[in-house]
Structures are given as C-alpha cells and as structure tokens.
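Please look over the model shown below before reading the numbered points. They go from the order of elements to the overall dimensions, then to the sheet, the core and one loop.

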Amino acid sequence: MQARSSMIKYFILRHLGRKRMTGYELLAEIGNITGKQPSTSQIYPVLNGMEKSGYLASKTGFYGKRKSKSYSLTASGKSLSSAIEKHFESIVRAIISDKIRVCAHCNCEILKGHYSKVICGRKLDFCCSACAASFAQK
Ligand SMILES: [Zn+2]
C-alpha cells in the first residue's frame, strides 16, 4: 500500500495548498477525485505524521457543531508540495514524450490534434494549418 499512501500524501499537499481543510473534508475530496474514499485510519496517521515532520499546521475549531482539526501547509509543506509536483511532472513528461510532436514552423509542442502536411516529399507536423501554410511559403 506504499503507492497509495504517497498518493494520499500528494493529494493532501495539493489540496491544503489551496485552502485550509479538515481531515474529513480531505477524505471526501480524495474520494471524489480517485473514486475511492480512503478510510479515516488511512488518512489520520498520514496527517499526524506530516504534522510531526513540520509540513502541516493544525488548528482545532468548530465546524458547525462538530469540533474538529483543520490543516494548512507550512512553508516547508509548500516547498515539499512543489518538489513533488516537479517530480510528477517529469514522470508524466517521460510517459508522454514520445507522443509529443513539435511544430515544424513555430516549434511549439503538440500533444493532441497536430496537423500533418507533405512538403517536398517530407511529411511534416504542424500545430495548425496556418503554420503549415507559412512554412510552405518559405
Ligand atoms: Zn505552429
């Protein structure tokens, strides 16, 4: 379950980066995104551990009639969050890199919906027909 717990950590960092949330709100939010709500026994030890490591700060308050703890990111939580984000970005980039094409005219990267045109016997990729047309005129 190691992979799942680091996913939970990542979701916690991401969500708390946007706003202060209670453990319960985090559970519901993670459930919404992943389609599978983690149990309280999965999330609270993670939250406690992250707080102990100095990534989160908690505050106890009333939410309606319920007294509960809400969490926010500390400065080191924020830098951990952006470090993990960069790490995920590089993984995603490695996965999709063979699917990315580069426009022969403007050099922009195209992930989806490229436009191909044969020019002087060579099949070239463009981001749009306008780029293909300007390339052909050169
Ligand atoms: Zn282009």
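1. From the N terminus on, the elements of this predicted protein run α-β-α-α-β-β-α-β-β-β-β-α. That comes to five helices and seven strands. Helices (H or I, at least four residues) and strands (E, at least two) are DSSP runs, numbered from the N terminus. Residues are numbered from 1 along each chain as its sequence is written. Because the model is predicted, local features need pLDDT of at least 70 and side-chain atom pairs count only at pLDDT 80 or more, while totals for chains, interfaces and linings use all residues.

2. How spread out is the protein? Its radius of gyration is 23 Å, well over the 14 Å that the globule rule gives for 138 residues, so the protein is more spread out than a compact globule. The radius is taken over C-alpha atoms, and the rule is 2.2 Å times the number of residues to the power 0.38. Along the principal axes, the C-alpha trace spans about 70 × 30 × 30 Å.

3. The protein is divided into domain 1 (2-95) and domain 2 (100-137), with bounds that come from an automatic or database domain assignment. Their centres, taken over C-alpha atoms, are 42 Å apart.

4. Buried residues make up 14% of the 138 residues. A residue is buried if 20 or more other C-beta atoms lie within 10 Å of its own, exposed if 12 or fewer, and partly exposed in between, with C-beta atoms placed from the backbone.

5. An open sheet is formed by three strands in the order β1-β3-β2, with antiparallel pairing. Two strands pair if DSSP finds at least two bridges between them. The edge strands, each pairing on one side only, are β1 (21-22) and β2 (56-63). Strands of a sheet pair through backbone hydrogen bonds, either parallel or antiparallel.

6. Two bridges join β1 to β3, and Thr22 stands opposite Ser70 in β3. Eight bridges join β2 to β3, where Phe62 stands opposite Lys67 in β3. The hairpin of β2 and β3 has two residues between the strands, and Gly64 takes a positive phi near 70 degrees there.

7. Which residues touch the most other members of the largest nonpolar core? They are Ile12, Leu16, Leu47, Met50, Leu56 and Leu73, out of 13 residues in this core. The elements giving two or more residues to the core are α1 (2-18), α2 (23-34), α3 (40-52) and β3 (66-73). The largest share, four residues, comes from α1. A nonpolar core is a set of buried Ala, Val, Leu, Ile, Met, Phe, Trp, Tyr and Cys residues joined through C-beta atoms within 7 Å.

8. Leu47 touches Ile12, Gly23, Leu56 and Tyr71, not counting residues up to four places away in sequence. Two residues are in contact if their C-beta atoms, placed from the backbone, lie within 7 Å.

9. α2 has 12 residues and reaches 16 Å from its first C-alpha to its last, close to the 16 Å expected at 1.5 Å a residue. The expected span is 1.5 Å times one less than the number of residues. After α2 comes Gly35, with a positive phi near 80 degrees.

10. Pro38 is found in the loop between α2 and α3. Is Pro38 partly exposed or buried? Pro38 counts as partly exposed because it has 19 C-beta neighbours inside 10 Å. Leaving aside neighbours within four places in sequence, Pro38 is in contact with Ile8, Leu27, Ile30 and Ile43.
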